[in-house]
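Morning, everyone. Please have the structure up on your screens, and we'll walk through it together.

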Amino acid sequence: MAKTDDKTVYMDKSEKAKSLSKPRYFEHRGNRNNMWKVFNFVLLAAGSLLILSPLWWMFATSLKTMQEVMAYPPSFFPESWEWGNYIRTWQVAPFTTYTINTLTITTLVVFGSVLANSFIAYGFAKIPFRGKNIWFAIVLSTMMIPGFVTLIPQYVLFSKLGWVNTYYPLIVPHFFGSAFYIFLLRQFYMTIPTELIEAAKIEGASHFYIWWKIGLPLTKPALATVAIFSFNGAWNDFLGPLLYLNDENLYTLQLGLAVFKGQLNTQWNYLMAGSLLVLLPVILLFFFFQKYFIQGINLSSGGK
Amino acid sequence: MRKKGWTMRRKEGIYGYIFIMPFIVGFIGFTAGPLLFSLAGSFTDYNITSQMEFIGVENYQSLIVEDGLFRTSLWNTLYYVALSVPLTTLGAIFLSALLNQDVPGIRYFRTLYYLPAILSGVGVYLLWMQLLEPGTGMVNLILSWVGIDGPNWLFDPDWTKPSLILMKLWSVGGSMLLYLASMQGVSKSLYEAAEIDGASRWKQFIHITIPMITPVIFFDVVTSLIGGFQIFQEAYIMSGNGEGGPANSLLFYNLYMWNQAFESFDMGYAMAMSWILFVIVFILTIINLKLAPRWVHYEGEEK
């Protein structure tokens, strides 16, 4: 209660603000403002060094000799830059197979997610039908169910279907939409004027045609967000492969890394080289498609 | 005329269901069906190859009354949630307040602080295992610069959970962006008015910024609470392949459930566990929703 009162008080004052001339308050604030800015900048710069230091450490460790990894105290800069560590890492474990497997799964997951979620979201955003609100509430409520509640019975289902030790359990569910992406794309579809769709309908176009020819192209930015998020999810998924894949020829990069850790124990130079190689595609993706990452966050918060 | 409108609407209705059909099929096949199966299964003795044998509430009974490890795993999870949710929320708000200022290069700062949030998976866990190595890791090296003798992190049962929280704090940039977007939506005139009245920056932050971003705080707390209860992957990797770490200190709820389901193949027992978790998360979410009107401020809402 108290908080809302405060707000109304400030509201009244904003009226007052408009009647006052601006220059006066800039004058007596100027100096303190600059001090504040310098302080802020220094704090942010120091903080970003701290935030980036783990990534640098990973890179530095990956180039050290085993002797240097074990040295105490450790150093931030490798004495000799052992680029050969990367080649040895790639040879010690079948990373080429892991990469091909991961790319196969990831590509199909991204394809399924983009297509299915766009299709479903169009239905929720642009077609009026009875029961729509109930179904949308169901979509949202599935976000609240802890994954492990369905994980065990799903495993039973997939094993009865004979899907254990195949990629089906990791791919097929993504062709049926997921709450977060449906919500995200629906938000985006809402910004497309209904008149556009009405006009197309009058021309005799069916909803399939409108979705394919108007919906998909107009929602490209949001689809890029879905593609990137689902790429990231599939690329980083450890639990799914751990549960469903037994045959080492089918292993993904995440599973491979975990096995690699088991074999190498504390040979951190190779482990860090392997980790960096697995994280690199995601880092590159981030720097090229930053915009779409940030857009996803904004859309999911229900804004813009 | 009327009849035509009616068929038109009916046609639209059919189209609507065609479009959401993938979701409906997926919902029945991968969510609702499994939920029912698991609810029924939680009252049985079942190991995937056996027939389901109905045993009443025995699973629930032995979980709550007898199973010490169940209690440990629940305690570990509550501990982790109770510490990580407030810390990451405060951290994200603090960070977004810093990044909401007009300083040179602010866009680069935002990018850098967000970067760790997109990194996840085994690579990140391995990285933090190395960073937290007591003798040869970076964290204790940095602590030694300021004269602190760092703990044994992942090898000391008292420090394993703080280790995971530290890792979590590194990637706080994800929710930071949510807060930032919300802070940028706060009307400038509110701050200008407060400034004229001589309110300090701190007062402005407490009395204007915080109330205006409460909807996002609410969203963040609810989702990270649900997420926190489901911690699994990091514990699985960082405790040495699923064993639950030194002195069971990393035996989280889902990790114990996993071991019951896929190591001991005691599926009925594990499904009973999953329903207890579901109920806990559900109750906490309801409490959150009930408390929300007391502190969450929605713009344009009349009171």
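Let's begin with chain A. Its secondary structure comes to 15 helices and 0 strands. Keep in mind that this is a predicted model.

How much of chain A is buried? Of its 304 residues, 39% are buried. Now take the contacts in chain A with a separation of 6 or more. Residues 24 or more positions apart account for 76% of them.

Next, domains. Chain A is assigned domain 1, residues 2-62, and domain 2, residues 86-300. How many residues of each are in contact? On the domain 1 side of chain A there are 4, and on the domain 2 side there are 6. The domain 1 side of that contact has 2 nonpolar residues, 2 polar residues and no charged ones.

Domain 1 of chain B covers 2-41, and domain 2 covers 59-295. The C-alpha centres of these two chain B domains lie 36 Å apart.

Now put the two chains together. Their contact takes 88 residues from chain A and 85 residues from chain B. Which part of chain A gives the largest share of its side? That is helix H2 of chain A, residues 23-62, with 14 residues. By class, the chain A side has 56 nonpolar, 23 polar and 9 charged residues.

On to the core. The largest nonpolar core has 139 residues. Which members touch the most other members? They are A:Ile120, A:Ile182, A:Leu185, B:Met176 and B:Phe252.

Zoom in on B:Phe252. Leave out residues up to four places away in sequence. What does B:Phe252 touch then? Its contacts are B:Ser73, B:Asn76, B:Thr77, B:Tyr80, B:Ile231, B:Phe232 and B:Ala235.

Last stop: helix H11 of chain A, residues 207-218. Its buried residues are A:His207, A:Ile210, A:Trp211 and A:Gly215. Why do they sit on the same side of H11 of chain A? Because they cover an arc of only 95° around the axis.

Technical notes
Residues are numbered from 1 along each chain as its sequence is written. Chains are lettered from A and ligands numbered from 1 in the order in which they are written. This is a predicted model: local features need pLDDT of at least 70, side-chain atom pairs count only at pLDDT 80 or more; totals for chains, interfaces and linings use all residues. Two residues are in contact if their C-beta atoms, placed from the backbone, lie within 7 Å. Helices (H or I, at least four residues) and strands (E, at least two) are DSSP runs, numbered from the N terminus. Ala, Val, Leu, Ile, Met, Phe, Trp, Tyr, Cys and Pro count as nonpolar, Asp, Glu, Lys and Arg as charged, and the others, Gly among them, as polar. A residue is buried if 20 or more other C-beta atoms lie within 10 Å of its own, exposed if 12 or fewer, and partly exposed in between; C-beta atoms are placed from the backbone. The arc is that of the directions from the helix axis to the C-beta atoms. Domain bounds come from an automatic or database domain assignment. A nonpolar core is a set of buried Ala, Val, Leu, Ile, Met, Phe, Trp, Tyr and Cys residues joined through C-beta atoms within 7 Å.
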